[in-house]
Amino acid sequence: MPQTEAPNRILLIKLRHHGDILLATPVARTLKSRYPECEIDMLVYQETVPLLQDNPDLSLIWSIDRKLRGWRKLATQLRLLASLRRRRYQIVIHLSDQTQGALFAKLLASRHAIGFDYPKRRDSPWRRFFTELAPIAPSDSLHTVSQNLLALTPLGITPTADEQRCVMPINDTDRQTARKMLRDVGITGDFIVIHPSSRWFFKCWEDDRFAKLAEALAERGWSVVITAAPSPAEMQMATSILSQTRSDRIRSLAGKLSLNQLAAVIGESRLFIGVDSAPMHMAAALDIDTVALFGPSKVNEWHPWMTRHRLIHAASYGELIDADTVDTSTGQRYLTHIPLEPVLAAAQELLSTTRKDRL
């Protein structure tokens with residue numbers, strides 16, 4: 001049902017992880033492009049707010065603290081709901097499948113409450129929460145960005161190519177901090193970022209192969225910066241990789257960067273190498289050449305979006321478990337079949353050629 005009158009306020013709801021939030025930013029970008037006077041707000045989990053804090057398309061960012069339990073959780077969410085109601089949203093778009101977000105959409109939208117037509121929800125009251133449902137593409141047939149943008153179908157909006165780009169702004173403070181931290185570890189020229197870790201270890205490659213990759217790139221004259229989140233498991237991985245390297249061209253900022261400082265470091269780099277994770281999506285949003293290593297993830301849904309990249313899939317080198325059967329809590333790494341050679345070759349190919357759009 002296309003809009004006949006431009007809305008004053010729109011609320012987007014996306015209660016997912018960091019990468020999912022970044023891949024939802026084209027929805028806000030498109031809406032702001034079509035309705036430049038409209039205030040667009042977003043409701044996300046508290047830990048993902050930094051990814052949005054400098055986004056020019058958003059007016060307010062609301063958050064839910066997942067750590068709260070019991071009466072504190074209820075009281076906080078009732079206060080949140082009251083604050084959201086005062087914004088008087090004409091349109092609420094729920095971009096994931098939680099019932100909580102659906103309830104908020106029903107209670108807050110005065111004109112359109114839009115959700116997705118999830119097959120698993122068709123035998124539930126899901127449909128009653130919304131005025132319109134947007135289509136869902138078959139599994140692994142459409143990139144997550146494109147799927148998110150289908151939420152605009154009920155409004156009669158078809159995004160342009162430029163509107164489909166993810167938005168990852170970096171403020172001057174984070175950019176200057178990142179540059180100083182790079183100088184402090186001896187990085188002054190072009191460099192490569194290797195981010196080997198993910199919150200889910202089933203997405204990770206072997207430490208010794210990342211170490212050999214870093215050494216091979218250093219031998220070819222490149223400076224390499226190893227990054228990782230400050231969690232104990234990811235820091236242990238970074239430490240293991242660094243312990244197996246010798247070159248003084250290989251430096252570490254593992255555990256030392258905030259999320260936005262990490263984005264700033266990636267944005268300064270010549271090449272990003274990593275696994276299917278939020279930093280990989282940040283690199284793509286920043287239009288950085290990317291080598292992405294994939295295991296049992298749905299490649300068509302999660303590959304680097306709208307940047308030059310080379311994707312190395314474990315399924316090309318050996319048997320791989322189906323993505324829908326993975327126990328995400330496992331410590332098993334499913335990228336073990338990927339040899340060093342194609343990853344190094346992909347990196348060398350991207351490093352040896354200059355993109356025409358950057359000339």
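Arg 88 is found in the loop between α3 (70–85) and β4 (91–94), where helices (H or I, at least four residues) and strands (E, at least two) are DSSP runs numbered from the N terminus. Although Arg 88 is not a glycine, its phi is positive, at about 55 degrees. Most residues other than glycine have a negative phi. With a relative accessible area of 63%, Arg 88 is exposed; in this report, buried means under 20% relative accessible area, exposed over 50%, and partly exposed in between, with a 1.4 Å probe and protein chains only.

The model is predicted, and local features need pLDDT of at least 70, side-chain atom pairs count only at pLDDT 80 or more, and totals for chains, interfaces and linings use all residues. Residues are numbered from 1 along each chain as its sequence is written, and side-chain values use heavy atoms, with hydrogens and water left out.

Asp 140, which is not a glycine either, has a positive phi of about 60 degrees. Asp 140 lies in the loop between β6 (132–134) and α5 (144–149), and at 25% relative accessibility Asp 140 counts as partly exposed.

Turning to the aromatic rings, the rings of Phe, Tyr and Trp (its six-membered ring) pair if their centres lie within 6.5 Å, and planes under 30 degrees apart count as stacked, over 60 as edge-to-face and the rest as tilted.

Trp 205 and Phe 210 are both buried. Phe 116 and Tyr 118 also belong to one aromatic cluster together with Trp 126 and Phe 130.

Charges over rings are found too, a charge being over a ring if NZ of Lys or CZ of Arg is within 6 Å of the ring centre and within 35 degrees of the ring normal. The charged end of Arg 66 sits over the ring of Tyr 45, 4.1 Å from its centre, while Arg 199 lies over the face of Trp 200, at 5.8 Å from the ring centre.

Helix α7 (residues 207–219) and helix α12 (residues 340–352) pack at an angle of about 35 degrees, with their axes 10 Å apart; axes are lines fitted to C-alpha atoms, for helices over the stretch in contact, and angles run from 0 to 180 degrees between N-to-C directions. Where the two helices meet, contact meaning heavy atoms within 4.5 Å, Arg 209, Lys 212, Leu 213, Ala 216 and Leu 217 in α7 face Leu 340, Val 343, Leu 344, Ala 347 and Leu 351 in α12.

Leu 350 lies in helix α12 and is buried, with a relative accessible area of 0%. Leu 350 and Val 291 are 59 residues apart in sequence, yet 8.5 Å apart in space, C-alpha to C-alpha. Leaving aside neighbours within four places in sequence, Leu 350 is in contact with residues including Arg 270, Leu 271, Asp 289 and Val 291.
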